[in-house]
Each structure stands twice: as structure tokens, then as C-alpha cells.
Amino acid sequence: MSEYRILALGDVVGAESVEKVCRALPALKREYRIDFTVANGENAARGNGLDRLTAERLLGGGIDVLTSGNHIWQKKEMVDYIDENPFILRPANYPAGTPGKGSVIFDSFGMRILVMNVLGTVYLDALDCPFRSVEAMLKEHEGQYDLSILDVHAEATSEKLALANEFDGKVNVIFGTHTHVLTADTRIFPRGTGYLTDIGMCGAVNSILGVSVDKVVTKLRTHMPVRFDNPVDATTELNGAIFTFDRTSRRVTKVELLRKTVE
């Protein structure tokens with residue numbers, strides 16, 4: 001078949017959500033005929049960040065590649081572990097010599113999928129230019145892939161849109177992460193790139209961005225240090241998007257929002 005379908009899941013927030021994502025994925029893949037799954041895992045471990053156990057649970061539970069963002073180094077063990085597992089990405093625009101890589105090629109159902117990850121620099125860390133980082137990755141992997149995906153982990157919607165416009169027709173699928181809020185601006189750019197500003201999160205519905213409400217309110221009211229945690233035994237919503245790619249035209253033909261509630 002010429003149709004190839006990519007599921008992109010937003011930031012998985014907390015251990016409870018990790019288990020629910022893994023339990024829901026098999027049925028979700030069957031329902032939407034998913035060929036490849038990518039998710040952002042930088043908030044998946046308990047207390048923020050990503051650790052070995054959590055990463056292996058997600059990858060073993062049906063995620064093909066995990067992207068990340070500014071919380072990737074929250075757990076110290078990731079500094080060493082990230083070089084052991086090529087399917088966990090850190091933003092490519094960290095300085096040279098930083099552990100890990102910002103891109104990987106994954107073989108799936110006769111398709112070579114290039115997955116790339118960059119961190120925005122507006123209101124976030126002053127890293128290398130994400131535009132130049134994407135250009136470098138495309139040049140590095142030229143001729144080695146059939147379909148390309150870019151996770152732009154960024155605060156500013158303008159920065160995500162700027163990257164999408166710049167790489168329309170050069171990257172097949174571009175989506176944003178970081179805000180944990182699913183946006184409603186699915187679109188296909190003139191040269192065939194499928195886009196969504198933010199694919200949201202996989203986290204507790206009754207929370208603030210996946211974190212317990214009382215902890216966030218206390219932090220905002222007092223401006224004092226607060227240890228965030230995630231609601232337990234809460235209803236979880238899986239946010240993301242499904243991108244349909246046509247192998248013949250090499251263009252995205254459809255972008256659909258995903259919102260699924262799981263107990």
C-alpha cells in the first residue's frame with residue numbers, strides 16, 4: 001500500500017501515564033492502522049526527566065523512537081544511558097560533545113524513517129541555532145531515508161511555525177512539543193509538509209500540564225520551591241496527531257488530531 005501512517009504522541013507525563021500509554025497503544029495502533037510511533041519522553045519519569053527503566057518501558061511498550069527536550073538531563077543516569085540507546089534522542093542543537101544524538105534512522109515496514117529533535121531558543125536555553133541544526137542533520141543523512149520527522153521542542157509558537165515554513169517540502173512531518181497543550185492548527189504546507197504547532201501531552205486530565213493541581217497553585221501563589229508530583233489513579237488523556245504519508249507522491253495527505261481518554 002502507498003499509505004503510511006505516523007502516530008506522534010505528546011509529552012508523556014509521569015509513571016502512571018507511562019503505564020496507560022503502553023496499555024492503550026496496541027489497540028490504538030490497530031484502530032488507526034499505525035505504522036510508526038514517536039513520543040516525547042522528557043517528562044515520563046517520576047519527578048520529571050527520563051530514566052533507563054521508564055525509557056525501556058515505553059520503547060518496549062510500542063514506542064519506536066523517544067524524543068525529548070530541556071528536561072532530558074533531569075535524571076543523572078541519562079547522561080551515560082543515552083549513548084547506549086540510539087532510539088532516545090536529545091535536541092540536536094546542544095553543543096558538540098554533549099552525550100547522545102539529535103537524530104536516528106528507524107527501519108519500519110520497508111520505510112527508513114529519519115527522526116530529528118531540536119530545542120527552541122526563544123524563552124528557553126541559549127543553544128545552537130535550531131535552523132542550522134536541522135540543515136546539518138538533513139545533509140548528514142541525505143539519501144539514507146524515505147520519510148523525515150522533526151520534533152520542535154519549543155516555547156514560542158512563532159519559532160515552531162518559522163521552522164515549519166523554512167523546511168516545508170524538506171521535512172515531511174513537523175510537530176511541536178513542550179507546552180503540553182494540544183493545538184487545533186493541523187495543516188499541510190504548500191510543498192507537502194504535515195504540521196501541528198503542539199501535539200499536547202499524555203497525562204492526567206484533572207491536572208495542570210500533568211502535574212497535581214495543588215502543587216502548581218501553591219508554586220504560583222507563593223513563589224516558593226515546591227516538589228511537583230503527578231496525580232495517581234487519575235483519568236488520562238492521550239494527545240497527539242496522526243500523519244498520513246503517501247509513498248508515491250512523498251507528501252503528507254492528511255493530519256488528524258488525536259484525543260483519547262483512558263482510565
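In which sense do strand 11 (residues 201-204) and strand 12 pair, and over how many bridges? The pairing is antiparallel, over three bridges. The legends below describe close-up views of a predicted model.

**View 1. Strand 12 and its pairing partners.** Four residues lie between the strands in the hairpin of strand 12 and strand 13, where arginine 250 adopts a positive phi near 60°.

**View 2. The two faces of strand 12.** In a regular strand, side chains alternate between the two faces of the sheet. Thr236, Leu238, Gly240, Ile242, Thr244 and Asp246 point one way from strand 12, whereas Glu237, Asn239, Ala241, Phe243 and Phe245 point the other way. Strand 12 is largely enclosed by the rest of the structure, because eleven of its eleven residues are buried.

View 3. Nonpolar side chains tend to be buried together in soluble globular proteins. The largest nonpolar core of the model comprises 32 residues, and Leu7, Leu9, Leu50, Leu66 and Ile88 have the most contacts inside it. The most is given by helix 1, which supplies seven residues. Beyond its neighbours within four places in sequence, leucine 66 contacts Ala39, Gly41, Leu50, Ala55, Leu58, Leu59, Phe87, Ile88 and Leu89. Another core, of 24 residues, lies apart from the largest one and includes Ile6, Val65, Leu147 and Phe245.

**View 4. The surroundings of histidine 178.** Histidine 178 occupies the loop between strand 8 (173-177) and strand 9 (187-188). Its relative accessibility is 14%, so histidine 178 counts as buried. The side chains of histidine 178 and histidine 153 make a polar contact of 3.1 Å. With neighbours within four places in sequence left aside, the residues in contact with histidine 178 are Asp11, Glu42, Asn70, Leu124, His153, Ala154, Glu155 and Asp198.

View 5. Strand 7 (residues 147-153) and strand 8 run parallel and are joined by five bridges; aspartate 151 has phenylalanine 175 in strand 8 as its bridge partner.

**View 6. Selected salt bridges.** Side chains of opposite charge can pair when their charged atoms come close. The model holds twelve salt bridges. In one of them, arginine 5 meets glutamate 3 at 3.9 Å, N to O. Arginine 5 is buried, at 7% relative accessibility, while glutamate 3 is partly exposed, at 31%. Both residues belong to a salt-bridge network that links Glu3, Arg5, Arg33, Lys254 and Glu256.

Aspartate 146 and arginine 112 form another salt bridge, with their closest N and O atoms 3.1 Å apart. This pair links distant parts of the chain, 34 residues apart: aspartate 146 lies in the loop between helix 4 and strand 7, and arginine 112 in strand 6. Aspartate 146 is buried, at 16% relative accessibility, whereas arginine 112 is partly exposed, at 31%.

The side chains of aspartate 229 and lysine 215 also meet in a salt bridge, at 2.9 Å, N to O. Because aspartate 229 lies in the loop between helix 6 (213-222) and strand 12, and lysine 215 in helix 6, the pair ties together parts that are 14 residues apart in sequence.

**View 7. Aspartate 51 in its loop.** Aspartate 51 is located in the loop between strand 3 (36-40) and helix 2, and is buried, with a relative accessible area of 16%. A separation of 6.5 Å is found between the C-alpha atoms of aspartate 51 and glutamate 77, which are 26 residues apart along the chain.

Technical notes:
Residues are numbered from 1 along each chain as its sequence is written. This is a predicted model: local features need pLDDT of at least 70, side-chain atom pairs count only at pLDDT 80 or more; totals for chains, interfaces and linings use all residues. Side-chain values use heavy atoms; hydrogens and water are left out. A nonpolar core is a set of buried Ala, Val, Leu, Ile, Met, Phe, Trp, Tyr and Cys residues joined through side-chain atoms within 4.5 Å. Buried means under 20% relative accessible area, exposed over 50%, partly exposed in between (1.4 Å probe, protein chains only). Contact means heavy atoms within 4.5 Å. A polar contact is a pair of N or O atoms within 3.5 Å; within protein, one must be able to donate a hydrogen and the other to accept it, and residues adjacent in sequence count only if both atoms are side-chain atoms. Two strands pair if DSSP finds at least two bridges between them. A salt bridge is a side-chain nitrogen of Lys or Arg within 4 Å of a carboxyl oxygen of Asp or Glu.
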